[in-house]
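Look at the model below before reading on. This report covers its nonpolar core and its salt bridges.

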Amino acid sequence: MEAIADNALMEKVRDGDLDRLGLLFERYKRPLYGFFYGMNRDQELSEDLVQNTFLRILKYRHLFRGDGDFKTWMFHIARNVSHDHFRKNKIKLKESVEKWQERLGHDENRSTEMQSMEEHDMLSLAMDKLPFEKREVLLLSKYQEKKYKEIGEILGCSEGTVKVKVFRAMEELRIVYKQLEKMM
């Protein structure tokens with residue numbers, strides 16, 4: 001059985017077949033969760049933001065024209081949901097370095113696995129230290145594996161601008177990571 005394309009499903013949702021939204025939710029709840037979790041490091045909040053994204057898709061389904069990619073449209077909404085949430089709640093997005101150092105622990109007998117986890121945690125810490133816009137563009141390009149053109153549509157800028165943003169974000173991530181390494 002051939003899977004129904006995302007745009008076709010969303011067009012059915014737009015036209016009143018609301019049960020089809022469940023299929024889109026099943027397809028995209030994990031990528032959206034990964035996007036939100038990468039932005040806020042909060043499991044419960046990320047789950048809430050995924051649900052809010054789909055509620056907003058439902059609310060604004062009449063605005064889906066179907067001439068673009070559904071995923072790009074969905075991530076554009078997800079981005080707005082995230083911005084609105086943090087603007088309304090004024091949640092501090094970054095944790096202090098001291099708190100992260102506590103997470104890394106003081107175990108002197110770390111195995112290779114622990115070292116790998118430490119590197120992963122340090123990369124996460126470095127990501128958290130980036131400004132919101134740079135973290136967002138890296139999450140979209142590296143974790144969600146979106147193409148520059150898609151990211152440009154989500155962010156409302158050109159493909160060339162996205163390339164520059166990704167390059168600058170990667171450069172700052174590298175610098176922050178190196179600074180964290182020196183602190184360890």
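The text below takes the core and then the salt bridges.

The model is predicted, so local features need pLDDT of at least 70 and side-chain atom pairs pLDDT 80 or more, while totals for chains, interfaces and linings use all residues. Residues are numbered from 1 along each chain as its sequence is written, and side-chain values use heavy atoms, without hydrogens and water.

The largest nonpolar core has 44 residues. Such a core is a set of buried Ala, Val, Leu, Ile, Met, Phe, Trp, Tyr and Cys residues joined through side-chain atoms within 4.5 Å; buried means under 20% relative accessible area, exposed over 50%, and partly exposed in between (1.4 Å probe, protein chains only). Phe-54, Ile-57 and Phe-70 have the most contacts inside this core. Its largest share, 8 residues, comes from α4. Among the residues that Phe-70 touches are Met-10, Leu-24 and Ile-57 (contact: heavy atoms within 4.5 Å).

The structure holds 12 salt bridges, each a side-chain nitrogen of Lys or Arg within 4 Å of a carboxyl oxygen of Asp or Glu.

| Salt bridge | Closest N and O atoms |
|---|---|
| Lys-134 and Glu-172 | 2.5 Å |
| Glu-171 and Arg-174 | 2.5 Å |
| Lys-178 and Glu-181 | 3.9 Å |

Lys-134 lies in helix α7 and Glu-172 in helix α9, so their bridge ties together parts 38 residues apart in sequence. Helices are DSSP runs (H or I, at least four residues), numbered from the N terminus. Glu-171 and Arg-174 both lie in α9, about one turn apart. Arg-56, Asp-84 and Arg-87 are linked in a network of salt bridges.

Notes
Helix = DSSP H or I, 4+ residues; strand = E, 2+ residues; numbered from the N terminus. Lists of a residue's contacts leave out its neighbours within four places in sequence.
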